[in-house]
Amino acid sequence: MTIRLRTLAPLALLFTVPAAAQTASPPPATPPQGTEEGGLSGAVSDDSDWQNLGIAIPAFATNADVPTQTSAGSTSALGFAMAGIITANLQNNGLFKPTGPTSLPRPALAQIQAPDFGTWSARSAEMLVHGFVRAEANGQITVGCYLYDVALQQNLAKAGWTVPPAEWRRAAHKCADMVYSRLSGESPFFDSRIAYIAETGPKDRRLKRLAIMDSDGANHRYLTTGQTMALTPRYSPDYKSILYLSYFQGNPRIFIYNLETNSQRLLLQSRDPLFAPRWSPDGKWVLYSVARAGNTDIYKMPSSGGDPVKLTDSPGIDIGGSFSPDGSRIVFESDRSGSQQVYVMNADGTGQRRISFFGGRAATPEWSPRGDQIAFTHIAGNFRIAVMDPGGANLRYLTDSWQDEAPTWAPNGRVIQFFRTARGSGKTGIWQVDLTGRNERKLETPVDGSDPAWGPLRP
Amino acid sequence: MNTSPRFTTLALMLAGSLALSACATKAPKQLPPDPGAGVGTNSSQGGMQGIVPGSQADFAAQMMGQDTIFFDTDKYNIDSADQAALQAQAAWLMRYPAKRVTLEGHCDERGTREYNLALGERRANAAKNYLASLGVDPARITTVSYGKERPIALASTEEAWARNRRAVTITID
């Protein structure tokens, strides 16, 4: 089932402004990555105090309050829900102080392009998000999104999308992404999905099911029944399939779950247990680990099938692996030195060298999509999520709890999810933290959750 | 991700009615079946009455706890207590040469998930190798690792973790 998300120049449809005027005057450019001009002062990884930018996000206006096929209700209710989603997205990042639609007056349609700046400056809003919602004759929903600087009385960014009713939340995520990118100078990440393992039941007989959800926990769906234990999923870069470990027929093997056909198959036949499946950033390769006679090594094979290549050959446990964004290198975990540590190698297995030298054990390394950091689990008594640079320097802890494990990066490399296990009960939950380590929160899931795997920004 | 030429791009997309594919969201009426039946582990069976010699129930009863060996943190070596247990297991297995066994490797919760899967496999394999060294045909022995997924002691204490770092021999009836 292919869902269409059509982007469009919204104003041309809603207002009698020549379309050419829209394309001729694009919103101010988002600064290129790595520069700070135009964004907030400081970088997300900076330890300095954050500006808390006040953003007013009133309900989106509509041309006519009519029923829709969305789960939100009428266009008016949809406009309210949109602003709520955007507000929730922009919270907890340490960057913004968003105020949502529940405590703000709703603008009229005409004000979307010509805001009543006096109202908003009186409310001490520095930034203003306006939008509109319109139901199309074919049931689709058109959403326009505008970001204004209240003091400057200036439009900073605008965009629009037409989405099928079932995909209405994506328009809100796209709008939040536009605001986040324009104001922070960082790449967007809200319009993305997460695969994870939903957990229920007692500690000694946990039921573990493969599940997927949007980056904010919405559109949750179970993919397996729990009859067979499922672990360690990874979304393919194109979101069409998920690699995961299953105990089908009693032994751990790697399956590919095809989300378009809702069918699954073995990645490859093997008499030996297979663990730790991973995709290359371009989706062309799969990494996996094979245990043979007590010795575990990392292999790679073309995702379309073909001959595996053995990448490691140490007598210890070499496991996991995460490609650098350009696909040229792989960071992985090995206990060849006597304890779990983080190593880097070239994508063909050459040049293996240890990069973690700070005491304790270092596990589950994941290369940032930006390439500048490696997130991992540092074990020294407690398990903590930490980052280091790809050379192994500048260790920085992001969390401090009894057992935090298995970081996964947001598509923009600025936020990390992981799972936290409670001492005693063994209950798990998915948590999220930004690179400052200051903005940590639990992601609400229907049941307990572990092994989160964040997919890329959706197309 | 540079978003600056958004409007130009958008207009082009609209003109071409370019449909960008995204992943499916329509939930199926019911979940597809799992690949297969669930896994059992550590099923202890029956009481003492009516135990068939050479059965798993017989093995469990005869071993009196020695169907399980224990490991130190992050270790997989076979110590003297383990050797005694595996010798008892081997003696029983030599008596019933047609019996096949599964060796389950387990870890405590204080390890990362994937590493523990590999470590559990290593433990099961160490026990298998020792049984083989005692004359049990390795072709009779399969191994499976559950990592930290199937603890028997549920507390988060050193004592509970010590009980969970184990390899369990289960004969196949």
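How many aromatic pairs does the count come to over all chains? The count comes to 18 aromatic pairs over all chains, where rings of Phe, Tyr and Trp (its six-membered ring) pair if their centres lie within 6.5 Å, and planes under 30 degrees apart count as stacked, over 60 as edge-to-face and the rest as tilted. This is a predicted model, in which local features need pLDDT of at least 70 and side-chain atom pairs count only at pLDDT 80 or more, while totals for chains, interfaces and linings use all residues. Residues are numbered from 1 along each chain as its sequence is written, chains are lettered from A and ligands numbered from 1 in the order in which they are written, and side-chain values use heavy atoms, with hydrogens and water left out.

**View 1. A stacked ring pair in chain A joins Phe358(A) and Phe376(A).** The ring centres of Phe358(A) and Phe376(A) are 5.7 Å apart and the planes stand at 20 degrees, so the pair is stacked. The pair links distant parts of the chain, 18 residues apart: Phe358(A) sits in the loop between strand S22 (353-354) and strand S23 (361-367) of chain A, and Phe376(A) belongs to strand S24 (residues 374-380) of chain A. Helices (H or I, at least four residues) and strands (E, at least two) are DSSP runs, numbered from the N terminus. Phe358(A) is partly exposed, with a relative accessible area of 23%, whereas Phe376(A) is buried at 0%; buried means under 20% relative accessible area, exposed over 50%, and partly exposed in between (1.4 Å probe, protein chains only). Elsewhere in chain A, ring pairs link Phe96(A), Tyr180(A), Phe189(A), Phe190(A) and Trp454(A) into a cluster.

**View 2. Helices H2 and H3 of chain B cross in a right-handed sense.** The axes of helix H2 (residues 56-63) and helix H3 (residues 80-95) of chain B come within 10 Å and cross at roughly 145 degrees; axes are lines fitted to C-alpha atoms, for helices over the stretch in contact, and angles run from 0 to 180 degrees between N-to-C directions. A crossing is left-handed if the near helix is turned anticlockwise from the far one by less than a right angle, and right-handed if clockwise. From H2(B), the residues Asp58(B), Phe59(B), Gln62(B) and Met63(B) meet Ala88(B), Gln89(B) and Trp92(B) of H3(B), where contact means heavy atoms within 4.5 Å. The residues of this contact divide into four nonpolar, two polar and one charged, with Ala, Val, Leu, Ile, Met, Phe, Trp, Tyr, Cys and Pro counted as nonpolar, Asp, Glu, Lys and Arg as charged, and the others, Gly among them, as polar.

**View 3. Phe59(B) and Trp92(B) form an edge-to-face pair.** The two rings lie 4.9 Å centre to centre, with 65 degrees between the planes. Phe59(B) lies in helix H2 and Trp92(B) in helix H3 of chain B, so the pair ties together parts that are 33 residues apart in sequence. Phe59(B) and Trp92(B) are buried. In chain B as a whole, with its five helices and five strands, 51% of the 173 residues count as buried.

**View 4. An open sheet of four strands in chain A has the order S10-S9-S8-S31.** The pairing is antiparallel, and two strands pair if DSSP finds at least two bridges between them. The edge strands are S10 (221-222) and S31 (448-454) of chain A, each of which pairs on one side only. Strand S8 (residues 193-200) of chain A is joined to S31(A) by five bridges, and Glu199(A) has Asp448(A) as its bridge partner in S31(A).

**View 5. Pro452(A) is found in strand S31 of chain A.** Pro452(A) is buried, with a relative accessible area of 3%. Leaving aside neighbours within four places in sequence, Pro452(A) is in contact with several residues, among them Ile194(A), Tyr196(A), Phe418(A) and Ile430(A). The C-alpha atoms of Pro452(A) and Pro233(A) are separated by 7.5 Å, although these residues are 219 residues apart along the chain.

**View 6. Strands S13 and S14 of chain A form a hairpin with four residues between the strands.** S13(A) and strand S14 (residues 263-266) of chain A pair in the antiparallel sense over four bridges, and Phe255(A) stands opposite Leu266(A) in S14(A). In this hairpin, Asn262(A) takes a positive phi near 50 degrees.
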